[in-house]
Amino acid sequence: MGEPTSRVVDVHTHMYPPAYVQLLESRKTIPLIRRFDGANDPRYIILPSEAEALDRTTGDGSKSTHLPGRPVTSHYSSLQQKLHFMDTHSIDISVLSLANPWLDFVASAEAGETAKSINTEFSNMCATAPGRLFFFATLPLTAPPETLLAAIGHIRGLRSCRGVVLGTSGLGRGLDDPALVPVFRALAANRLPVFLHPHYGLPSEVWGPRATEEYGHVLPLALGFPMETTIAVARMYLAGVFEQVPELRLLLAHSGGTLPFLAGRIESCIVHDGHLVREGKVGPSRRTIWQVLREQVYLDAVVYSEVGLKAAIDASGVDRLMFGTDHPFFPPLTSDEQGEWESMTWNANAVKKGLGDGSDGAKAVMGGNAIEVLRLYEDS
């Protein structure tokens, strides 16, 4: 590894440990993993449109060449494959996280023990490569409140845990749900940042009748996911969550969705909203969304373009961006998966073009910020 100031850290990199894969293979409804005759790899099916395609594929008894979902290759669950990806792309440290939809679908009575098992598995994986692997834990959000809070205590004691990964549904009513405030307070008290990641997107009818058959996954992934994150954070802001828990820290996936671009519009709508003004919510003591972005929010740099990267920097500050790859999603389609991935090179090149190759800002985004904010220099 290089010097601490020049290390490359990937804060947005997912894994599905074997126990989680087995859980998905046992399911009959999404999310699920299904095997098809003639296919080299099983398929991971998580989106409603994919479930509809699954029904059509299994219903007509044909061997379709257009299988639903995405192939579950060894990149999803193999620790050796993760380390190979890191070595291939000169990544010094990875902060692993379970990918969507986490444990949002697990029955309440089983959620606590399932989360403990998954988080322990991540902890054990990280222990095989000390100093190179850390992780964001997953929470049993469907569990009773006391079980959920106990889970935070458990993960705080796991040596390589550096926060939690969280979707936008929260306890089922979104992240502006007052019932989540005690959870956010417990996370803040234990110095556990929240890596906020989308999953549910927008209603499928938004994409129109041609999307499923003709447009692949482009619309829900390119537009639905970023808008989901933007809406979730805006709801938190309007509900006063950041004021109630000022020590809460968020790391937003995909450079915060469209927040860097739309923060000004959100501000304008707030100060011109008669209801909010009458309720006394637009007074001189109010922190603007710009202030929250620079005080309580970090952004990953999974944006694929220096144009978007510069917008994220302008909104939040160069000291608040952290590099990521989104591995194992977006694999190369025309070259060997064991080689170079565009998801790495596009994001790394965006940092180089946006900040200057080898500049202090580029070094901070590529690793320095993550090492400092996530305490990756500590063993416990």
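Reader: Which of the residues lining the second largest pocket lie nearest its centre?

Author: Leu47, Pro48, Ser49, Leu202 and Ser204 do, among 26 lining residues. This is a predicted model, in which local features need pLDDT of at least 70 and side-chain atom pairs pLDDT 80 or more, while totals for chains, interfaces and linings use all residues. Residues are numbered from 1 along each chain as its sequence is written, and side-chain values use heavy atoms, without hydrogens and water.

Reader: What makes a space a pocket or a cavity?

Author: On a 1 Å grid over the protein atoms alone, a pocket is an open set of points with protein on both sides within 12 Å along at least five of seven lines; in a cavity a 1.4 Å probe fits but cannot get out, and lining residues have an atom within 4 Å of a point. The second largest pocket has a volume of about 480 Å³. The count of cavities of 30 Å³ or more is one, and the largest cavity holds about 40 Å³. Its lining includes Trp102, Asp104 and Gly167.

Reader: Why is helix 5 called roughly parallel to helix 6?

Author: The axes of helix 5 (residues 145-156) and helix 6 (residues 181-189) come within 10 Å and cross at roughly 10°. Angles (0 to 180 degrees between N-to-C directions) under 35 degrees count as roughly parallel, over 145 as roughly antiparallel, 65 to 115 as roughly perpendicular and the rest as oblique; therefore helix 5 is roughly parallel to helix 6.

Terms used: Helices (H or I, at least four residues) and strands (E, at least two) are DSSP runs, numbered from the N terminus. Grid points are joined across faces, edges and corners, and a volume is the space filled by probe spheres set on the points.
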